[in-house]
Amino acid sequence: MQNNKRIILTGATGEIGLPLAHKLVERGYNLIVFSRDPQSARHKVIGAVEYVQWAAEEQGDWMRHVDGAYALINCAGTNMFTRRYRGKFAQEVIHSRQSGTRGLVNAIARAQVKPSVFINSSSQGYYGITDFDDRLIDENTPAGTKDQWGRESAELDAEAFKAESYEVRVVSMRTGYVLDADGGGLPQQVTRVRKNQGGATTPLNAWRSWIHITDEVGLYLFALEDQRVSGGLNATAPNPVTSEEFANQLSITVLGKSNTKKFPGLIIRILVGPAADLMTHGKRIIPRKALDLGFQFQYPTLEKALSDLVPKIK
């Protein structure tokens, strides 16, 4: 299949960006990878038509590629879980996401022929965490601006949606906990359970809004190809679970027996800093917009997702 549309992708070597890049190439798009290290990206992302040096906070030759491109997909940003999220590192994470978004919107403004769609990566943190409860959260729920996660995500959205003033369709992907056999937190969780070191993180009734990597990539493609999709899009599975339910299903999948252990969420916060709040104080988020528009999840339940992924984790 060849459709010749030019798609620009940032963050193409990341957990979401890499499988998304492979799918875009597979579908026949002319993929252009924006990267701070184009040579490294060339070895990891096979099949793109071009690998462009990109520094979002700087004007440069990369901007000309935006002119006439069909879509911009921004998956770039420093991973907040690689170090303790505080001080200079926290500012680095925030700056990487905001500068990337701002730089791409500035490039859209300069383009003679504007892209049709701009898909920007955000997170479930948009809805905040300090007032977690059992409410169902969908795309009509406002940003949770009582805490830093909601405020930062709302600011990121504000940057991205400036592109609408240029008649560009904008989608903000509000991603939950991505379950992936090749990256993210699941492989470490599976390893701990296999060593009989797993357990449900307290508070046990906090929600886990998760998504299988296949459905995550599928939602990016859905946002790209279906012009009905605009605004915030919850990239979460339709069946969120509590911390207790997550740990129990993981133990059943890995060991064939129910979980009986607990792990204090406070310890996670000590280890990784405030970013732990996203793991221990989640919201009950549902992908109402995707469901209403007819998106079909391949892994709608945690049992099905873990049954697919756990055997792949060595």
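**Legends to close-up views of a predicted protein model**

The protein chain exposes about 14300 Å², of which carbon and sulfur atoms supply 49%, the areas being computed by the Shrake-Rupley method with a 1.4 Å probe and, for residues, with only the protein chains shown counted as cover. The model is predicted, so local features need pLDDT of at least 70 and side-chain atom pairs count only at pLDDT 80 or more, whereas totals for chains, interfaces and linings use all residues. Residues are numbered from 1 along each chain as its sequence is written, and side-chain values use heavy atoms, with hydrogens and water left out.

**View 1. The protein chain as a whole.** The chain holds eleven helices and 15 strands, which are DSSP runs (H or I over at least four residues for helices, E over at least two for strands) numbered from the N terminus. Of its 314 residues, 54% are buried; here buried means under 20% relative accessible area, exposed over 50%, and partly exposed in between, with a 1.4 Å probe and protein chains only. Among contacts (heavy atoms within 4.5 Å) between residues at least 6 apart in sequence, 75% join residues at least 24 apart.

**View 2. The open sheet of seven strands.** The strand order is E3-E2-E1-E4-E5-E7-E12, with parallel pairing, where two strands pair if DSSP finds at least two bridges between them. Strand E3 (50-53) and E12 stand at the edges with a single partner strand each, so one side of each is left without a neighbour in the sheet. From one strand to the next the twist averages 20 degrees; axes are lines fitted to C-alpha atoms, for helices over the stretch in contact, and angles run from 0 to 180 degrees between N-to-C directions. E1 and E2 pair in the parallel sense over five bridges, and within this pair Ile7 has Leu31 in E2 as its bridge partner. Helix H1 packs on the sheet by touching E1, E2 and E4, its direction making about 170 degrees with that of E1, while H4 packs on the sheet by touching E5 and E7, its direction making about 175 degrees with that of E5.

**View 3. The largest nonpolar core, around Leu24 and Leu219.** A nonpolar core is a set of buried Ala, Val, Leu, Ile, Met, Phe, Trp, Tyr and Cys residues joined through side-chain atoms within 4.5 Å. The largest one has 38 residues, and Leu24 and Leu219 are those with the most contacts inside it. Elements that give two or more residues to this core include helix H1 (17-26), strand E1 (6-10), strand E2 (30-35) and helix H6 (213-225), and H6 gives the most, with eight residues. Leaving aside neighbours within four places in sequence, Leu24 is in contact with Ile7, Leu9, Tyr29, Leu31, Ile73, Leu221 and Leu224. A second, separate core of 21 residues includes Val66, Ala69, Ala111 and Val168.

**View 4. Salt bridges, with the pair Glu225 and Arg27.** The structure holds nine salt bridges, each defined by a side-chain nitrogen of Lys or Arg within 4 Å of a carboxyl oxygen of Asp or Glu. Glu225 forms one with Arg27, the closest N and O atoms being 2.7 Å apart. Glu225 lies in helix H6 and Arg27 in the loop between H1 and E2, so this pair ties together parts that are 198 residues apart in sequence. Glu225 is partly exposed at 36% relative accessible area, and Arg27 is partly exposed at 30%.

**View 5. Asp138 and its salt bridge with Arg288.** Asp138 forms a salt bridge with Arg288, with 2.5 Å between the closest N and O atoms. Asp138 lies in the loop between strand E6 (136-137) and helix H4 (148-160), and Arg288 in helix H10 (residues 288-292), so the pair ties together parts that are 150 residues apart in sequence. Asp138 is buried, with a relative accessible area of 11%, whereas Arg288 counts as partly exposed at 33%. Leaving aside neighbours within four places in sequence, Asp138 is in contact with Tyr127, Asn234, Ile286 and Arg288.

**View 6. Asp157 in helix H4.** Asp157 lies in helix H4 and counts as buried at 5% relative accessibility. Not counting residues up to four places away in sequence, Asp157 touches Ser122, Tyr126, Ser172 and Arg174. The C-alpha atoms of Asp157 and Ser122 are separated by 7.7 Å, although these residues are 35 residues apart along the chain.
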